[in-house]
Amino acid sequence: MNDPVIWSRLQFAFTITYHYLFPQLTMGLAPLLVFWKWRALRTGEARYAQAARFWARIFGLTFAVGVVTGIPMEFQFGTNWASFSRFSGNVIGQTLAMEGMFAFFLESAMIGAFVLGEARMTPRTHFLAAVGVAAGSWLSGFFILVTNAFMQHPVGYAVAADGRLHLASLRAYLDNPWALVMFGHNQMAALVTGSLSVAAVGAWYMLRGAHCDQARLYLKDGIAAGLLASILVAFPTGDAQAKLVARLQGPALAAMEGRFHSGPRAEINLIGQPNVAEQRLDNPIRVPGLLSFLAFGNVQSDVRGLDDFPRDTWPTDIEVLYYSFHIMAGLGTVFILLMLAGAVQAWRGRLQESRPLLWLILLSFPFPFIANTAGWAAAELGRQPWLVYGLFRTEQGASAAVSAGSTVFTLIGFVGLYFVVGLLYLALFGRELGRGPVEASHD
Amino acid sequence: MIEAAYTVLVVMLTVFLVLEGWDFGAGLLHFVVGRNEAERSAVLDAIGPLWLWNEVWLVAFGGMTFVAFPSVLASAFSGFYLAFFLLLWCLILRGVAIEARNQLGDPLWREAWDVTFAASSLLLAVLIGAALGNVIRGVPLDSRGNFAIPFFTDFGVRGRVGILDWYTLSTATFVVSLFAAHGASFLALKTAGPVHERSGQVARRLWPVVLVLLAATAVETAIVRPDLFTGMTHRPAAWIALAAVGAGASTALVCQASGRDRAAFAGSCALISGLMGAGAAGVFPVMLHSTLAPQDSISAYAASTDAYSLRLALIWWPFAVILSLGYFWFVFRHYRPGAR
């Protein structure tokens with residue numbers, strides 16, 4: 001427990017997990033907001049403007065928490081991971097600096113104008129502010145995912161005489177296949193969060209019989225976007241992501257699937273509990289050959305198990321990795337089914353009367369957040385024991401000058417501060433929902 | 001090229017200090033110039049919808065330090081570990097306060113966030129002042145480029161120093177007074193009514209204090225880090241910066257007294273920029289000075305990133321700045337404050 005690496009890992013995991021609850025909602029809401037603003041501009045229908053106005057308030061609140069919890073993320077590279085920053089700063093510094101210079105300036109200039117500016121700007125310039133905020137939030141995600149993709153699958157670098165990494169080709173670095181696939185997968189997952197939140201609020205108002213006109217719009221557009229996103233998150237993006245893991249991070253794939261032993265006709269384990277001590281999966285329900293097919297396109301393919309890899313390349317937390325991956329994949333399947341059911345009922349014009357389905361949609365709103373978190377846990381734990389895959393191990397990366405005690409203190413500080421911020425967010429979020437999409441503006 | 005990268009960082013930090021200097025200054029004067037809730041709302045309105053854009057200059061400065069001088073970032077951020085997190089938490093609390101305040105109309109709620117806003121603004125000014133003092137005085141860097149600095153030791157400025165000593169406490173005091181005067185000039189320019197009156201009064205009283213403290217800090221700096229002034233003598237950039245300091249300080253003092261708010265505020269901006277420019281030119285190429293052994297100091301030449309990466313960053317940086325100013329102009333032009 002006096003190992004500073006563990007505490008720095010916990011602190012980064014805690015702060016990034018908490019932080020990302022908010023950007024996934026704003027990145028997911030952004031396309032819907034732009035769509036409604038655009039419809040309002042084109043058709044002049046009040047309901048679109050009303051929807052954009054209501055969700056802009058939620059967006060502004062969420063964005064603010066995302067910003068304040070995001071500031072410590074970039075700086076922790078220097079404070080807690082100084083050795084890692086020295087080792088790879090020549091490369092990943094590029095995208096982290098670009099995020100600040102290209103994305104944050106755009107978002108920060110436009111957000112105030114977008115949230116407070118409807119009455120203070122023309123409809124057209126206000127629409128442009130919405131587009132600016134949306135583009136900035138997605139651009140920010142892109143630069144972060146390129147950075148992460150380099151840690152997952154380093155490309156475009158050279159090793160210098162002093163052992164540090166140098167950038168060899170910016171193009172290769174930005175064009176990392178891992179980055180493109182992960183960006184698609186991640187943005188669709190964020191859109192699942194955004195659209196399911198919209199649909200869930202619609203279901204809630206519908207069940208209460210309040211703001212029914214707006215509720216119908218939220219359900220219709222939320223389910224349409226949610227169906228599209230939940231399919232795209234699985235195929236092609238999730239599928240492509242899995243194939244990359246299979247090809248480039250063998251031990252991670254084996255651990256995600258609880259596959260301790262190598263062999264052909266590899267199965268998918270729908271459920272089961274990994275027993276690392278005994279090197280087996282307890283109580284599994286298997287689909288034979290499916291993993292071989294999903295990973296390599298052929299049911300007969302050989303899929304390597306953990307026994308095929310040296311012990312010191314195994315992910316450090318196999319159980320957590322296994323469950324994170326299964327929770328993500330399981331929930332992803334549930335979202336597709338739920339959105340399909342919603343779409344069918346909406347198409348038949350029966351959605352408003354099917355109270356059980358409305359209840360299901362309402363109660364489903366926390367689960368995209370869980371699925372996104374689990375997906376990121378799977379990506380990051382699958383990368384272990386490496387900080388930069390195959391090049392630099394996690395235990396090499398922490399700051400030499402920082403003691404475990406200091407990190408414990410700052411971790412506790414973050415837990416306390418973020419608890420307060422979370423309470424505040426929930427209270428204000430609840431207040432906005434309680435007030436609902438009504439005309440009165442408040443500032 | 002390394003000089004260009006160093007200049008980029010100095011420019012970004014200067015822009016941040018000028019922009020957030022008025023935000024933090026207005027914040028720490030929140031209760032001085034805003035005696036009731038409506039007046040404090042006017043202070044926050046003056047800071048306006050672009051305060052976040054101002055703050056991004058710090059985040060972007062961090063990003064540019066990462067790409068241009070990764071080992072400086074690694075040494076400095078991990079060395080100032082606890083102080084750095086205090087700074088981050090203050091930034092978080094201040095941002096939350098601005099956002100949360102107007103969510104409820106309840107007077108106690110607003111007062112609580114006003115206090116949070118003012119207190120975190122004050123603490124941020126103190127931390128920034130102490131941080132700048134630490135960069136000038138130096139830190140106990142070892143031969144591997146690491147240091148761990150306690151909050152205080154014996155308050156001396158040599159050898160095993162702490163973050164706070166007699167010198168950094170006086171730079172912190174100076175920066176608090178400077179931000180306060182800068183913020184007061186800003187509010188005098190941007191507000192009307194009682195807040196305008198009081199801000200002008202505060203600024204007129206503060207500027208002489210700032211100039212006295214500036215002279216005192218300059219003398220102290222000559223004692224603590226004499227090579228800073230010898231460095232200035234053979235760098236023309238420093239002469240220009242010192243001219244800006246002189247012109248800015250006298251303009252702020254004279255014009256504030258005669259009620260020319262716009263000129264006084266411009267002088268204040270010139271003063272802050274000049275101080276940053278002169279200091280940065282004086283210490284170059286040393287980015288982190290070692291109080292233990294001068295040869296362990298981190299120089300810009302040793303700490304910079306590889307040439308290819310640096311060249312790329314210097315190519316795209318101007319485009320990013322132009323775009324950023326474009327966004328600022330767009331909002332400034334199309335957003336009418338106060339309209340409902």
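Select helix 10 of chain A, residues 318-347, in this predicted model. Its 30 residues reach 43 Å from the first C-alpha to the last, close to the 44 Å expected at 1.5 Å a residue; the expected span is 1.5 Å times one less than the number of residues. Helices here are DSSP runs of H or I with at least four residues, strands are runs of E with at least two, and both are numbered from the N terminus. The model is predicted, and local features need pLDDT of at least 70, side-chain atom pairs count only at pLDDT 80 or more, and totals for chains, interfaces and linings use all residues. Residues are numbered from 1 along each chain as its sequence is written, while chains are lettered from A and ligands numbered from 1 in the order in which they are written.

Within this helix, select A:Trp347. A:Trp347 counts as exposed because 10 other C-beta atoms lie within 10 Å. A distance drawn from the C-alpha of A:Trp347 to that of A:Leu321, 26 residues apart along the chain, gives 39 Å. After the helix comes A:Gly349, with a positive phi near 75°.

Next, go to A:Lys37, in helix 1 (residues 4-43) of chain A. Is A:Lys37 buried or exposed? A:Lys37 is buried, because 27 other C-beta atoms lie within 10 Å. Leaving aside residues up to four places away in sequence, A:Lys37 touches A:Ala52, A:Phe127 and A:Ala130; contact requires C-beta atoms, placed from the backbone, within 7 Å. The C-alpha atom of A:Phe309, 272 residues away along the chain, is separated from that of A:Lys37 by 53 Å.

**Backbone features of chain A**

Select strand 3 (residues 268-275) and strand 4 of chain A, which run antiparallel and are joined by six bridges; two strands pair if DSSP finds at least two bridges between them. A:Asn269 has A:Arg286 of strand 4 as its bridge partner. The hairpin has four residues between the strands, and A:Gln279 there takes a positive phi near 60°. Strand 4 (residues 280-287) is hardly covered, since the count of buried residues among its eight residues is zero.

Most residues other than glycine have a negative phi, and most peptide bonds are trans. With 16 other C-beta atoms within 10 Å, A:Arg265 is partly exposed. A:His211 counts as buried, with 20 C-beta neighbours inside 10 Å.

Then find the cis peptide bond from A:Gln384 to A:Pro385, with omega near 10°. A:Pro385 is in the loop between helix 12 (366-383) and strand 5 (386-388) of chain A.

**Chain B**

Display chain B, which has 14 helices and two strands. Buried residues make up 58% of its 340 residues. Select helix 11 of chain B, residues 236-257, whose end C-alpha atoms are 32 Å apart, in agreement with the 32 Å that 22 residues should span. Its buried residues, including B:Ala238, B:Val245 and B:Leu253, pack against helix 8 (166-190), helix 9 (193-224), helix 10 (227-233) and helix 12 (261-283) of chain B. B:Gly259, after helix 11, has a positive phi near 80°.

A cis peptide bond also joins B:Phe284 and B:Pro285, with omega about 5°. B:Pro285 is found in the loop between helix 12 and strand 1 (286-288) of chain B.

**Between the chains**

Finally, show both chains. The contact takes 55 residues from chain A and 55 residues from chain B. Helix 3 of chain A provides the largest share of the side of chain A that touches chain B, 23 residues.

Technical notes. Contact = placed C-beta atoms within 7 Å. Buried ≥ 20, exposed ≤ 12 C-beta atoms within 10 Å, placed from the backbone.
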